[in-house]
Amino acid sequence: MRISGTERDVLRLFAVDLPEDEAQRFATAGETWPLREALDARTLREDFVDVVRVADLGEMPLSRYLREAHGVTEESLAGHGARVDALDGVVIALPAQAFGGTAQTLDVRAPLRWIGTFGEERAEPAGAPLHSEAARGTTDAGKPSDAAMSGRIASIALLVLFVLVGVMVWIAA
């Protein structure tokens, strides 16, 4: 299973074929990390690994959880919803961020079982695009503002006063 270094808006779902208590230990990083080893992954970011005990969802189907928690699209779940909802035990959801932008090839081994790869909704930028020269990276330097000039003059005056006080102290000593 190839992971592109530029991949985004993708979620991979795996079933863990272990009893629930063992599955939690399997997915927890420590000195060794059995999950990373079972994926044969070079890079796996623990912060993005979502370990889901299906029983904890109660009446919520797993497909709905994936839509609400990860933004998985209806289109990508089409034809897979019943199979996803039939899963029990522990599943692991790995969004593209879990692979840290590292191109790699996964060799999935037991106790993991790949269920599917699903698309996530693309985030739309908040707000309208900026239409100003500054947003394009160019600015009109122009002349400094009155406030900037006043600040420079005050800084020079303080520096002159500091030097005068220093000279007076040196003469007095």
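Visitor: Which residues of helix H3 (residues 62–70) are buried?

Guide: This is a predicted model, where local features need pLDDT of at least 70, side-chain atom pairs count only at pLDDT 80 or more, and totals for chains, interfaces and linings use all residues. Residues are numbered from 1 along each chain as its sequence is written, and side-chain values use heavy atoms, leaving out hydrogens and water. Buried means under 20% relative accessible area, exposed over 50%, and partly exposed in between (1.4 Å probe, protein chains only). Helices (H or I, at least four residues) and strands (E, at least two) are DSSP runs, numbered from the N terminus. In H3, the buried ones are Leu 62, Ser 63, Tyr 65, Leu 66 and His 70. Looking down the axis of H3, its buried residues fall within an arc of 160°, so they line one face of the helix. That arc is taken from the directions from the helix axis to the C-beta atoms.

Visitor: What covers the buried residues of H3?

Guide: Here we look for contact, meaning heavy atoms within 4.5 Å. The cover includes strands E2 (10–16), E3 (50–53) and E4 (90–95), along with helices H4 (74–77) and H5 (81–85).

Visitor: What is the order of the strands in the open sheet?

Guide: Start with pairing: two strands pair if DSSP finds at least two bridges between them. The four strands lie in the order E3-E4-E2-E6, with antiparallel pairing. E3 and E6 are the edge strands, each pairing on one side only. Seven bridges join E2 to E6, six join E2 to E4, and four link E3 with E4.

Visitor: How many residues of E4 are buried?

Guide: In a regular strand the side chains alternate between the two faces of the sheet. In E4, six of its six residues are buried. Val 90, Ile 92 and Leu 94 are on one side, with Val 91, Ala 93 and Pro 95 on the other, and both faces are covered.

Visitor: Where is Glu 120, and is this residue buried or exposed?

Guide: Glu 120 sits in the loop between strand E6 (112–119) and helix H6 (146–172). Glu 120 is buried, with a relative accessible area of 12%. Not counting residues up to four places away in sequence, Glu 120 touches several residues, including His 70, Gly 71 and Pro 95.
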